Amino acid sequence: MEISGLISALVIGIVIGILGRLVVPGRQHIGVLWTILVGIVAALLGSALAAGIGVGDTKGVDWVEWLIQIALAALGVVALDRTKVSRVRH
């Protein structure tokens, strides 16, 4: 992967992570780096899933792909937040 591809993945991961975090109501107890990591993973998985169902490459903005990525990021934020909160309680 070229450096421009890594930078693109990082930027998209940041955007997806932040949007996923904004979708989840309430306060999350995870840091910025975790948010970025969740966003990058959600972006990659969401792109693969969108391509698998045939909506990954459309004319114009790929809204369905973005929605899938944001939903996966929100799920990742919730899962990570619950894991961190349950560790603190025990």
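This is a predicted model: local features need pLDDT of at least 70, side-chain atom pairs count only at pLDDT 80 or more; totals for chains, interfaces and linings use all residues.
User: Which residues of H2 are buried?
Analyst: Thr35, Ile36, Val38, Gly39, Ala42, Ala43, Gly46 and Ala50. Buried means under 20% relative accessible area, exposed over 50%, and partly exposed in between (1.4 Å probe, protein chains only).

User: Where do they sit around the axis of H2?
Analyst: They fall within an arc of 160°, so they line one face of the helix. The arc is that of the directions from the helix axis to the C-beta atoms.

User: What does the face turned away carry?
Analyst: Exposed residues: Leu33, Leu44, Leu45, Ala48, Ala51 and Gly52.

User: And what follows H2?
Analyst: Gly54, with a positive phi near 90°.

User: New topic. Which helices each supply at least two residues of the nonpolar patch?
Analyst: H1 (3–23) and H3 (63–89). Helices are DSSP runs (H or I, at least four residues), numbered from the N terminus. The largest share, eight residues, comes from H1.

User: What area does the patch have?
Analyst: About 1100 Å², with Trp63 and Trp66 among its residues.

User: Is Ile18 exposed or partly exposed?
Analyst: Ile18, in helix H1, counts as partly exposed because its relative accessibility is 44%.

Definitions and conventions. Residues are numbered from 1 along each chain as its sequence is written. Side-chain values use heavy atoms; hydrogens and water are left out. Patches are made of residues with over 30% relative accessible area and no salt bridge: like charges are joined within 9 Å, nonpolar side chains (Val, Leu, Ile, Met, Phe, Trp, Tyr) within 5 Å. Accessible areas come from the Shrake-Rupley method with a 1.4 Å probe; for residues, only the protein chains shown count as cover. A salt bridge is a side-chain nitrogen of Lys or Arg within 4 Å of a carboxyl oxygen of Asp or Glu.
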